[in-house]
Amino acid sequence: NHGPEQFNLRRTFGRTSFAVSRLLGNLGVSGSTPLLERFGDPVGASKGPSVLKNGDFSADANGTGLADEWEFSPVPKGAACTREALPGPEGGWAQLITVPPVVAGAKAPEVMIAQHELPIQGAQWYRLSLRTRAEGLTSKEITWTVQNTANWQSLFEYQNFAPKAEWQTNTVVLQAKDTAAKGTKFQIWFTGTGKLWLA
């Protein structure tokens, strides 16, 4: 299961988008987005406050190994989520998700790390910047979105990234499709086994 098809990769979609943009431009509609200005910001920085609480995983007051404000749900149980100090001058923290191998023929586990109650404003632009690394991960893609739990509609297009053996930064700037001041759930999930570091 690769999630929803990415229609923007279809040639016909690309041509239609181009045609619609041209048509709107000819009608005098401006298509300004803050995308270029946002790309001028350093990675991970933003003009607005973060809507994620403890987004850098730095706080773990109760010492459980799972950063404060976050929840971890493996199905079935057996996977672990621990906090790990990052090497290098930048330092910081990562959450390490470890999913042990399953017996032959068993269904691959589903794992999710999530945070509730992010206030999302429709048409507003948001940036997510994640550093990732993987070891022996059987899942080719990790997916994230923010759901409105009142109707289980996604407030952003589903986003996928493929972690590699070495650290890499995945940054995406997206426009929210709808507004939800409460009842939201930011979630990162995958189906499979192995190790995934998130920072």
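## A strand residue to start with

Let's begin with Q187, which sits in strand β10 (strands are DSSP runs of E, at least two residues, numbered from the N terminus). This is a predicted model, where local features need pLDDT of at least 70 and side-chain atom pairs count only at pLDDT 80 or more, while totals for chains, interfaces and linings use all residues. Residues are numbered from 1 along each chain as its sequence is written, and side-chain values use heavy atoms, leaving out hydrogens and water.

Q187 is buried, at 6% relative accessible area (buried is under 20%, exposed over 50%, partly exposed in between, with a 1.4 Å probe and protein chains only). Among the residues Q187 touches are M112, I113, T143 and W144, leaving aside residues up to four places away in sequence (a contact is heavy atoms within 4.5 Å).

## The nonpolar core

The largest nonpolar core has 33 residues, and I97, F186, I188 and L198 have the most contacts inside it (such a core is a set of buried Ala, Val, Leu, Ile, Met, Phe, Trp, Tyr and Cys residues joined through side-chain atoms within 4.5 Å). Elements giving two or more residues include β3, β4 and β10, but β5 gives the most, with four.

## Salt bridges

The whole structure has five salt bridges (a side-chain nitrogen of Lys or Arg within 4 Å of a carboxyl oxygen of Asp or Glu). In one of them, K177 pairs with E157 at 3.7 Å. K177 is in the loop between β9 and β10 and E157 in the loop between β7 and β8, so the pair ties together parts 20 residues apart in sequence.
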